[in-house]
Structure formats: C-alpha cells, structure tokens
Amino acid sequence: MRVDAHVYADNTLIKQMQGDKTLDQLIHTATLPGVFSQVVLMPDGHQGYGFPIGGVAAFDLESGIVSAGGVGFDINCGVRVLRLEVKLEDILPRVQEFIKLLFQTIPCGAGRTSKTRLSSSELRSILQDGAKWCQNFGYAQSEDLDSTEESGTLEGADPGAVSDRALERGRDQLGTLGSGNHFVEIQFVEKIYDEMVAKAYGLALKDVIIMIHSGSRGLGHQICSDHLDIMQSVVRRLGIELPDRQLACAPIRSPEGQSYLAAMRAASNYAFANRQMITAAIRSSISAMLGDCQCKVVYDVAHNIAKVESYQFDKKMIKLLVHRKGATRAFPAGHPDLKGVYKTHGQPVLIPGSMGTSSYILVGSDTSGKRTFYSACHGAGRAKSRTAASKDMNVTDLIEGLRVQGIHVRGASNSGLVEEHPLAYKDVDAVVDVIEVSGIAKKVARLKPLGVIKG
Amino acid sequence: MKPGCELEIHSATCEQLEHPSDFGLRAISGRFETSLLMIAFGMLRSMFTLNHDYSRRNKVKIIKTVTAEEKEQCVVRFLQELLHLVYVDLLMPIHMIFRETADHMYECVCMCVALSETNDAPGTEIKAVTYHQLSIIIKDDNCSITVYFDI
C-alpha cells in the first residue's frame, strides 16, 4: 500500500464488509500509482469490480492514474430529488394511480427503449451539453440546471472519444430508467432535522417528493468497457502490476487517460440529460393527473464519477483527480465551486434507501475535505447477492408487505423486484448515522416512501 | 485454421456463481472454445427467454470476428460483441460455431433469430462483461472459464 485506507463504519457495518472482499479491494486501491493521502470507504461500502463500491480515491494529476473501474460501469449513476407543489393529503388517495401512470410513461426494465429517437448529431450534442441540451429543446427550466451538480454539464467532454458502439447503445435509451437498482419513488418529508437548511433547499414537513435514481445507461457501460480494454494494453505496456485486472488504468496525462476522461465526461452529460428527460416525463404525468402543479428540482448529484478538484494540503492548493464510485460529493458551505443557496448552506447530499425504507437529504459539513475528499455515502449498499436475495422472499410476500406499509410498487419484472427487497440492503439509518457522527455531512430531512416504480 | 466448436442455445449449461453485487458464470469442458460458447449461451439465456416457437423463426447469419492478444481479452471482447448483437441489433444467437482462424484472431458464425418484444421474455439486463476475477484455467484437456457480469 502506498497510502493508508480509512473506513467509516460502525461495528455491524464493518462485520458485513469483512464478509466479502470489500476491504481487500480497498487495500488494492491504495497500491495504485500516484494515489494521494488516503483511500476511503464509506459505511455503505461493499464488494464491486476492482474498486469497492463506496470507495473514494484521489490521484495526483502529474504522477497519478485514472481508472475506469474507479468510476464504475454506470458513469454518473446518480440521484435527483424533485418537490411537488401539492398537498400530501391530496396525493395520498391517488398514489397508486400516480405510480401506474409513471410506469406507463417512463420506459423501465431490461430492453426498454426511449420514446425519443435521437439522430447522431443530437446524440453528440447531448454528450457535449448534457442537461443544457434539454433546456434548449424545452425539456428543462433554467432553475433545473441551477439545482444540478455542474449545472448538468461537465466541461471537457468529447463526443469524438466515444465509440460508435457506445453511441449505438445510447441512441435509443435517453429518458429510460434502466433496471437493477434504478427507480423512481414518490415520498414525503417525514422529519426535518435542520430547519434553516431545509428551508433554503425549499423543503418543509409533509412536502411531496419524487426521487429518481438512474445513470448513463448502455452508453456509459460501453464507454467503461471500451476504455477498460484500452487501459489493459496500457498496463501491459508500462508494466504496472495489478492485483485485479479490473483496476486497469492509465496515467492521467497520457493520451489514453485524457481520452477516457473526455469520454467519461460525455457519458456524465448523457446521464444528466437522462435524469432531466425523466423529470420532463414526470412533469407531463403530473400535469395529466393533477393539472397545474409545479414540480421543482431540489438537487441532482452523481455518485459514480471522477472529477478534478482543488484541496489544501500543507498550506498549498493542489489539484487532484477524485474517483467516487458509489460515493457522493458533499461540498460544505463556502466551497468555491458552489453557487447561491448551496454556497451559503452547503450542497445537498441525496441518499436513497432501499424499497420500503427511508431516504435522506444531508448537507455537506466537513469544511476541510481532507479526510474524505468531500465525499459521503451514496445509499444503503447491498448486504446480499441478488441470488441470495431471491431465495429470501417471493414477490407476492414482498408486494403485500410493502402494501401493508402503505407503499405501492410496480416493477418491470418480478425477479427484479425480489432482488431489490429491503433485506438485501444494509440499514440506511445506520449508514447515515455514521456519516453524521463522523462530521462528513449532517441530516437535513428524512423521506418516507409512498410508491415506487423499478426497472 | 483450427477446428471450430459448435453449440446450440440449450445444448449445454454452466454454473451460476454468486457475487455480492451481480452474478458470474463458470463453464468447464475439454476445450477453450467449448467453454467460451457455454459461457456465451449462459449469458444469453439469462438476458432473454425465447418463446418456444423460436426454432420456426427465420434465421439470420452473422459473423463476428475478434482480435485479441490473449485469451482473457478474447473472452471479454467476444461476449461484448454478443451483448451488442442482442441489445442493439435485437438478434439472439441460437447456434454458434467458434474457431481460432489465425494467431490472435477468432471468428464466430452465429445463426440468430430476431427478438420478439411480445413473445420473448426479457430477463436480466447484462450491462457489461468485467475483467474482475476473470479466470481461464487450462490443464490436462480441461478448460475452466469464470466471468463476472455487471448488471
């Protein structure tokens, strides 16, 4: 190991991490060239491919590497939270109807394609401009972009660095939810922890919320696969020894490293646009069902991404490439990269729970950022494999169990629902408690689910 | 050119492996080419369940070529080609003949049927083939291949 490995967890969460290769993977990450200061594992950390999920690693720009596996296959998988201007008591009797309408409106599940067919030039524009493209064509309001990380557009994207294969996979998927653990959930604000910050974010008790979890779809996966393949060659050429081939990497300043970063940014822009298009579909559904009802973006943040950020170490400002794989950026109040209310109060950190459990909105609070490179957890984290989860429960019991709690669910497939049942995941309350006790981020609001659609 | 290996979609099964996040497959046979096709069909069967009428559908012949300096790369690149065939071209291979045609070059002749949105049931959306714990063990006329998939 070139640097230390820091784990944020309580006793139960650590024991779960010790049950698979999570900690080994964290240690492997600490062996990579140019790794800086320490590698970090969030309390929802679990075994992934190469890097653990929930892992954060920063690299010196001159001597360090970039690893496609350190971002993950689903580039800019992330979360967006919307607030509906409707009273909870008005929506409660109609949740089932709303869920059904969303399920019909938003393509979800394996093999489902978008209602929006993109030309090659449109797709390239999206890769370049992200959510800004959506605004240009009337799918986004300017306030939406103000409430999105990087205003929904990562600079430095290059559609030319994206393979034809990736473009083909992305052409018919804009505005689709995807499968696995992707979802759209309707919730309400059950508890407020920080009145001042909640008010700044536009949140109040009993507010009706919609949470979207989705990413860059097949396009992002193909980009990761393409560049992992290239990085394998770089590793062989440079004689870099790796404990896991999925850690394949390239020097940041190399042509291969720069090409990956340009393609990753393009995929990130696609994901921002994807969540914006899903938002547009949700607004259309709301309009059909409730008439004139405003739906505002609270925030949109990525949890699989690599970004160049500035940090102060030994009284010097240095730029690092921070890989977050299953980890969310958590800038505190005053951070120069934030604007408006976020600069005043700190950036929202959006933490989805699992089906039937609470989700959270936190605010970044670690003012130095040195411990975790301004990173927090991203969700509950898997505790069981999909196979084990499928053995635990049948879909009828799952749906009935949720219904008894007042939660309506629609899924693209029964197996997809069962694999995602709450017991397959860690305790999100415990995960968030660790984050708060550690001083990384503070709770602002707890959200309770009312209904969910899953891919 | 070395002799190829030929398999049909339901002619051989492989072992499904657990992974904390997603899933893996392991196939064991006497030859690399056979084990690779077993993994390939295992992957394809998990993606879609073809309606029983599939053998009566028109067949489309697709030839996939892969260049790879080593077998691990061949496995990943070939399986990625099949992912693309299914998800973008909407064609499902039901019979494949795989062979090494020259040094570091491989060819697979795939007889495919068009996927039917109404008749064929989508299963797991396999998004990528990973290099994570990818292993190919060839020993004494025995070839074991293990691959993990991101879903």
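Q: How many cavities of 30 Å³ or more are there?
A: One, by the rule used here. Keep in mind that this is a predicted model.

Q: What volume does the largest cavity have?
A: About 660 Å³.

Q: And which residues lie nearest its centre?
A: Ile53(A), Cys77(A), Asn181(A), His213(A) and His378(A). The whole lining takes in 41 residues.

Q: What's the lining like by class?
A: It has 20 polar, eleven nonpolar and ten charged residues. Strand 6 (183–192) and strand 17 (441–454) of chain A each give at least two residues to it.

Q: Switching topic. Which residues touch the most other members in the largest nonpolar core?
A: Val162(A), Leu174(A), Ile223(A) and Tyr260(A). That core holds 66 residues. Helix 11 (residues 255–290) of chain A gives the most, with eleven.

Q: What is Ile223(A) in contact with?
A: Leaving aside neighbours within four places in sequence, Ile223(A) contacts Ile75(A), Val162(A), Ala166(A), Ala263(A), Met264(A) and Ala267(A).

Q: Now the two chains. How much do chain B and chain A bury between them?
A: About 3,000 Å², with 43% of it on carbon and sulfur atoms. The contact takes 39 residues from chain A and 33 residues from chain B.

Q: Which residues in chain B lose the most area to chain A?
A: Pro20(B), Lys127(B) and Tyr131(B). Together they make up 22% of what that side buries.

Conventions: Residues are numbered from 1 along each chain as its sequence is written. Chains are lettered from A and ligands numbered from 1 in the order in which they are written. This is a predicted model: local features need pLDDT of at least 70, side-chain atom pairs count only at pLDDT 80 or more; totals for chains, interfaces and linings use all residues. Side-chain values use heavy atoms; hydrogens and water are left out. On a 1 Å grid over the protein atoms alone, a cavity is a set of points where a 1.4 Å probe fits but cannot get out, and a pocket is an open set with protein on both sides within 12 Å along at least five of seven lines; lining residues have an atom within 4 Å of a point. Grid points are joined across faces, edges and corners, and a volume is the space filled by probe spheres set on the points. Helices (H or I, at least four residues) and strands (E, at least two) are DSSP runs, numbered from the N terminus. Ala, Val, Leu, Ile, Met, Phe, Trp, Tyr, Cys and Pro count as nonpolar, Asp, Glu, Lys and Arg as charged, and the others, Gly among them, as polar. A nonpolar core is a set of buried Ala, Val, Leu, Ile, Met, Phe, Trp, Tyr and Cys residues joined through side-chain atoms within 4.5 Å. Buried means under 20% relative accessible area, exposed over 50%, partly exposed in between (1.4 Å probe, protein chains only). Contact means heavy atoms within 4.5 Å. Buried area is the accessible area (1.4 Å probe) that two parts lose on being put together, summed over both.
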